[in-house]
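Trainee: I would like a close look at a single part of this model. Please take me through the part and its surroundings.
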Amino acid sequence: MRGVVTQRTAPPAVSPLTGEPIKRADAERLAGVLKAIADPARLRLLSLIQSSPEGEASVSDLTAPLGLSQPTVSHHLRILTEAGLLEREKRGVWAYYRLVPSAIAAIADLLTPPRKRATRKTR
């Protein structure tokens with residue numbers, strides 16, 4: 001799959017909104033992560049996993065709410081995992097997925113202008 005992150009990557013430390021130019025490698029990493037979440041099914045997957053009572057879910061927990069086949073859900077979960085947004089834990093024949101809070105927070109911080117970020121943290 002062209003353009004999608006194929007290994008765990010961390011978002012760059014410099015935000016494109018800080019007024020500093022973002023380095024090419026950082027821009028490519030950030031674009032890969034953003035591309036991984038720029039799909040309605042993947043956004044729903046992140047939401048479904050985050051809101052599940054245990055904070056984790058298996059493919060079988062996610063197919064019905066999404067209305068997608070198991071292979072399609074697995075494909076989307078793989079992309080989110082490779083982007084570093086989900087962790088995968090194998091238990092017997094099942095794999096369970098949970099959010100990586102630090103990765104989600106890093107993306108939110110990158111996209112929040114510094115003045116708003118300071119205000120949000122003091123609340």
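Which residue in strand 3 does A57 stand opposite?

Mentor: A57 stands opposite Y97 in strand 3. Some ground rules come next. This is a predicted model, in which local features need pLDDT of at least 70, side-chain atom pairs count only at pLDDT 80 or more, and totals for chains, interfaces and linings use all residues. Residues are numbered from 1 along each chain as its sequence is written, and side-chain values use heavy atoms, without hydrogens and water. Helices (H or I, at least four residues) and strands (E, at least two) are DSSP runs, numbered from the N terminus. Two strands pair if DSSP finds at least two bridges between them.

Take strand 1 (residues 57-58). Two bridges link it to strand 3 in the antiparallel sense. S58 has Y96 as its bridge partner there.

Strand 2 (residues 86-91) is joined to strand 3 by six bridges, again antiparallel. R91 stands opposite W94.

Then the faces of strand 3 (residues 94-99). A95, Y97 and L99 are on the covered face. W94, Y96 and R98 are on the uncovered one. In a regular strand, side chains alternate between the two faces of the sheet.

How values were computed
Buried means under 20% relative accessible area, exposed over 50%, partly exposed in between (1.4 Å probe, protein chains only).
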